Amino acid sequence: QVQLVESGGGLVQTGGSLRLSCAASGIIFGITKMAWYRQAPGKQRELVASITSRYDTNYADSVKGRFTISRDNAKNTVYLQMNSMKPEDTAVYYCNARSALNSDYTYWGRGTQVTVSS
């Protein structure tokens, strides 16, 4: 059984910071590409950041310079450090895992709410 559990969401004011965590189980974490997506009400789910098993990272233009994705393979955990937050960052944030060997194996967490007050 594969399980992804997000934590760290909450309410923060504009300019503040939050750190999201995603703990994975049931997968070979060291060969898995991890990513954070977000979905705001009435909008499509969008990729925020990703990190490969080789620690290569990619970010949406809207979060470059503000967000940092990282992973700790020993803890089977991926993080998203969010700084200088804006109201447009308000969304449900989802953890995603995809096998580096077979992209057909992809998994989602249940999401964690992030709200940025103006």
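Me: Where is A97 found?

Reply: A97 lies in strand β9. A strand is a DSSP run of E with at least two residues, numbered from the N terminus. This is a predicted model: local features need pLDDT of at least 70, side-chain atom pairs count only at pLDDT 80 or more, and totals for chains, interfaces and linings use all residues. Residues are numbered from 1 along each chain as its sequence is written, and side-chain values use heavy atoms, leaving out hydrogens and water.

Me: Why does A97 count as buried?

Reply: Buried means under 20% relative accessible area, exposed over 50%, and partly exposed in between (1.4 Å probe, protein chains only). A97 has 1% relative accessibility, so A97 counts as buried.

Me: Which residues does A97 touch, not counting residues up to four places away in sequence?

Reply: A97 touches L4, I27, T32, K33, M34, Y105, T106 and Y107. Contact means heavy atoms within 4.5 Å. A35 is 62 residues from A97 along the chain, yet their C-alpha atoms are separated by 6.5 Å.

Me: Why is N76 called partly exposed, rather than buried or exposed?

Reply: N76 has a relative accessible area of 24%, so N76 is partly exposed. N76 sits in the loop between β7 and β8.

Me: With which residues is N76 in contact, leaving aside neighbours within four places in sequence?

Reply: They are C22, A23, A24 and F29.

Me: What makes a set of residues a nonpolar core?

Reply: The residues must be buried Ala, Val, Leu, Ile, Met, Phe, Trp, Tyr or Cys, joined through side-chain atoms within 4.5 Å. The largest such core here has 29 residues. Those with the most contacts inside it are M34, W36, L80, M82 and Y93. Several strands each supply at least two residues of this core, including β4 (32-39), β8 (77-82) and β9 (91-99).

Me: How many helices and strands does the protein chain have?

Reply: The protein chain has zero helices and eleven strands. A helix would be a DSSP run of H or I with at least four residues.

Me: Why does the radius of gyration agree with a compact globule?

Reply: The radius is taken over C-alpha atoms, and the globule rule is 2.2 Å times the number of residues to the power 0.38. For 118 residues, a compact globule would have a radius near 13 Å; the protein chain has 14 Å, which agrees.
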